[in-house]
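Let's take a walk through this model together, with the viewer open beside the text.

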2 protein chains.
Amino acid sequence: MKKDKTKITIVDVAKRAGVSKTTISRYLNGKFEFMSGESQQRIKDIIEELNFRPNNLARSLKSNKSGLIGVLIADISNPFSSVLVKGITDCCKEYGYNVVIANMDNDSEKEREYILSMIDQRVEGLIVNTTGENNEFLKDIDSHHIPIILADRPIFPTLFDTVRTNDYQATVDTMNYLANEGFTRVGFFTEPFNNIGTRTLRRQAYRQVCSEVLHIEPQEYIIDSKDECGVQNLVENFLANNPGQVNVIFTANGVTMLSVLGAIHRMGLCIPRDIAICGFDNWPWMELIGSGITAVSQPFYDVGIECVKRMIFRVQEKTKSSPEIIELPNQLMIRGSTKLDK
Amino acid sequence: MKKDKTKITIVDVAKRAGVSKTTISRYLNGKFEFMSGESQQRIKDIIEELNFRPNNLARSLKSNKSGLIGVLIADISNPFSSVLVKGITDCCKEYGYNVVIANMDNDSEKEREYILSMIDQRVEGLIVNTTGENNEFLKDIDSHHIPIILADRPIFPTLFDTVRTNDYQATVDTMNYLANEGFTRVGFFTEPFNNIGTRTLRRQAYRQVCSEVLHIEPQEYIIDSKDECGVQNLVENFLANNPGQVNVIFTANGVTMLSVLGAIHRMGLCIPRDIAICGFDNWPWMELIGSGITAVSQPFYDVGIECVKRMIFRVQEKTKSSPEIIELPNQLMIRGSTKLDK
DNA sequence: GTGAAAGCGCTAACAT
DNA sequence: ATGTTAGCGCTTTCAC
């Protein structure tokens with residue numbers, strides 16, 4: 001039906017309409033005051049007839065605004081990421097931005113490469129779920145005058161706008177809940193910390209409640225989620241180290257939860273009779289395991305939304321204000337995996 | 001440490017280095033044969049000193065190559081999507097492309113908007129996990145000479161390159177397995193078909209085995225996964241309709257599986273004693289439900305990879321060849337949810 | 001109400 | 001080995 005043999009430009013439209021390209025440009029930018037009603041209609045028809053679409057590359061070059069926001073995700077296969085990305089893309093659409101996305105694969109080298117590549121693309125801002133290994137590098141990026149918003153994972157001291165969840169408080173609350181429930185030993189299972197602010201915060205909170213409320217030594221187990229056998233050993237260790245106690249495992253994130261649940265399943269243990277468990281990240285399937293897995297539900301979608309809103313604020317502000325931390329509330333979903341028969 | 005008060009360009013570098021901008025351009029493009037070793041070193045130093053990064057917008061405008069690939073995802077919150085996206089981004093990185101991503105939210109209107117927006121951005125190709133409602137529109141896009149690759153969801157008749165999994169055969173195989181296992185009734189649970197090729201194919205295969213192997217009437221249940229109550233009713237119906245039979249539920253995708261499992265869980269039924277179940281999409285947590293959920297594992301990561309490879313082929317080919325279907329194999333993961341006591 | 005012309009930052013003939 | 005020049009497609013003064 002429609003055809004266009006070769007790239008058609010504003011000039012083609014202008015010729016066909018018998019006006020100058022200035023007028024076409026004005027039309028494209030909605031400045032209809034500067035043309036007659038006839039011209040306007042004519043141009044409209046011709047654009048449709050030629051199936052013309054303005055070249056944003058050229059527009060962007062002129063205006064120095066690409067309409068692009070760069071999003072760097074530490075590990076996009078983490079289910080957390082897709083919810084975050086959904087929040088970001090949904091909100092960007094509202095503001096008329098497009099999203100360039102990159103997957104770091106937990107590799108700080110890739111993170112650096114991508115950041116530079118995004119700058120080359122002249123993205124107007126960067127939303128970063130950081131691998132945690134590029135703090136210095138990120139600071140340098142500031143010299144490119146590109147706003148950076150950290151998603152979920154803070155960097156200390158606070159140099160950038162950060163949108164995160166109240167992990168510290170949520171951990172404290174969960175630990176207190178466990179203490180009230182009658183648990184006497186809590187094992188903290190986590191992936192390696194790797195400078196990731198979120199994990200570190202959760203550990204701090206865990207330690208605090210251990211010493212101040214439970215009056216026990218922290219018991220921390222660092223797992224390698226790819227090593228099934230290793231995870232199983234750690235679970236065994238935890239149980240062996242705490243005979244006669246009321247034990248519960250606290251996992252620092254969803255990946256760890258999945259690994260530990262796998263180990264428990266292979267070991268044939270019954271939740272919560274043999275071992276209770278709870279942890280960060282809440283997913284629909286958690287309702288389906290036994291009588292449900294107690295979990296901290298994190299508002300990742302909203303984190304995405306808030307990141308974009310802050311980004312827009314930064315892009316529009318005239319004089320640079322100081323970085324801000326936006327903290328969103330987590331919610332503890334209590335299910336059967338931490339309910340003791342009383 | 002490094003500073004740049006204002007946007008610095010190739011001209012600034014040229015001035016500082018005492019050469020013409022052509023030479024800088026050559027340097028940026030690695031054409032070192034065209035300059036002395038000294039110039040090369042000088043330029044290198046100055047670029048670092050000024051913290052200069054070439055403006056890709058300008059480069060792209062010149063070369064008419066944005067280095068961008070557009071990716072349209074029907075529903076990015078579907079776990080399937082994040083694996084697909086990971087495949088795509090990983091592979092794009094290898095070929096030096098960046099990825100612009102958009103979430104359709106299963107909305108065909110948004111799909112159209114985004115496609116146009118991507119064309120405006122001059123993406124070099126489009127990878128589309130389509131909502132299934134824009135077949136005509138997609139055809140028109142061809143007039144923009146932009147290669148389109150369909151990811152996972154085919155459109156019939158075949159007008160575009162498509163990378164998908166062998167759903168038809170996998171469904172037939174699974175159905176045959178169920179028949180062999182001793183099941184006499186298979187209920188097919190799915191979300192509305194909505195023109196989505198994948199779902200339609202699975203239904204066809206289901207029907208074929210019903211009539212040719214099991215010699216039963218197909219029993220299809222269309223669920224609304226948001227309506228918990230409704231799902232539960234359908235499961236009850238299925239059981240009520242088939243008293244005295246050996247029943248199994250076959251779910252057409254992961255979302256349906258989750259809904260149906262939720263209903264079964266709330267109804268207090270035991271898998272597989274009261275009801276057996278299996279279906280499309282395999283996720284780690286499926287090992288953890290009872291004695292495991294039998295599922296068809298789909299190679300979504302590889303689908304992503306193949307989409308990009310095909311895209312690269314299209315971008316580079318001189319004369320347009322006809323569309324091709326690339327079919328990747330699924331794998332049936334047999335677990336306890338379909339094992340009958342014998 | 002409309003147009004001519006300069007220029008965004010870069011690339012690529014075509015010189016020399 | 002290096003520079004001059006003419007654009008890429010669009011926006012935006014400034015002039016009529």
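The report below goes from the chain contact to the sheet, then to helix packing and a few backbone details.

## Before we start

This is a predicted model, in which local features need pLDDT of at least 70 and side-chain atom pairs count only at pLDDT 80 or more, while totals for chains, interfaces and linings use all residues. Residues are numbered from 1 along each chain as its sequence is written, and chains are lettered from A and ligands numbered from 1 in the order in which they are written.

Helices and strands here are DSSP runs numbered from the N terminus (H or I with at least four residues for helices, E with at least two for strands).

## Where the two chains meet

On the chain B side, 47 residues are in contact with 47 residues of chain A; contact means that C-beta atoms, placed from the backbone, lie within 7 Å. Five elements of chain B each supply at least two residues to the side that touches chain A: helix 4 (56–63), helix 5 (79–95), strand 2 (98–103), helix 6 (108–120) and helix 11 (254–267). Helix 5 of chain B gives the most, with eight residues.

Follow the strands and you will find an open sheet of 12 strands with mixed pairing, in the order 11(A)-5(A)-4(A)-3(A)-1(A)-2(A)-2(B)-1(B)-3(B)-4(B)-5(B)-11(B). Strands pair if DSSP finds at least two bridges between them. The edges are strand 11 (325–328) of chain A and strand 11 (325–328) of chain B, each of which pairs on one side only. From one strand to the next, the twist averages 20 degrees. Helix 6 of chain B packs on the sheet, where it touches strand 2 of chain A as well as strand 1 (68–73), strand 2 and strand 3 (125–129) of chain B. The direction of helix 6 of chain B makes about 180 degrees with that of strand 1 of chain B; such angles run from 0 to 180 degrees between N-to-C directions, with axes fitted as lines to C-alpha atoms, for helices over the stretch in contact.

Strand 2 (residues 98–103) of chain A pairs with strand 2 of chain B in the antiparallel sense, over three bridges. There, A:Ile101 stands opposite B:Val99. Within chain A, strand 4 and strand 5 pair in the parallel sense, also over three bridges, and A:Ala151 stands opposite A:Val163 in strand 5.

## Two helix pairs in chain A

Helix 5 (residues 79–95) and helix 12 (residues 300–316) of chain A pack at an angle of about 40 degrees, with their axes 7 Å apart. The two are therefore oblique to each other; angles under 35 degrees count as roughly parallel, over 145 as roughly antiparallel, 65 to 115 as roughly perpendicular and the rest as oblique. Residues making this contact include A:Phe80, A:Leu84 and A:Tyr95 of helix 5 and A:Phe300, A:Val308 and A:Ile312 of helix 12. By class, the contact has 15 nonpolar, two polar and three charged residues.

Helix 1 (residues 10–17) and helix 3 (residues 37–50) of chain A have axes that come within 10 Å and cross at roughly 125 degrees. Here A:Asp12, A:Val13, A:Arg16 and A:Ala17 of helix 1 meet A:Arg42, A:Ile43, A:Ile46, A:Ile47 and A:Leu50 of helix 3. That contact has six nonpolar, no polar and three charged residues.

## Backbone details worth a look

Most residues other than glycine have a negative phi, and most peptide bonds are trans. A cis peptide bond joins A:Phe156 and A:Pro157, with omega about -10 degrees; A:Pro157 lies in the loop between strand 4 (148–151) and strand 5 (161–165) of chain A. Another cis peptide bond joins A:Ile271 and A:Pro272, with omega about 0 degrees.

Phi is positive at A:Asn106, near 55 degrees, and at B:Asp152, near 75 degrees. Are these residues buried or exposed? A:Asn106 counts as partly exposed, because it has 17 C-beta neighbours inside 10 Å, whereas B:Asp152 has 26 and so counts as buried. The cut-offs are 20 or more other C-beta atoms within 10 Å for buried, 12 or fewer for exposed, and in between for partly exposed, with C-beta atoms placed from the backbone.

Methods: Two residues are in contact if their C-beta atoms, placed from the backbone, lie within 7 Å. Ala, Val, Leu, Ile, Met, Phe, Trp, Tyr, Cys and Pro count as nonpolar, Asp, Glu, Lys and Arg as charged, and the others, Gly among them, as polar.
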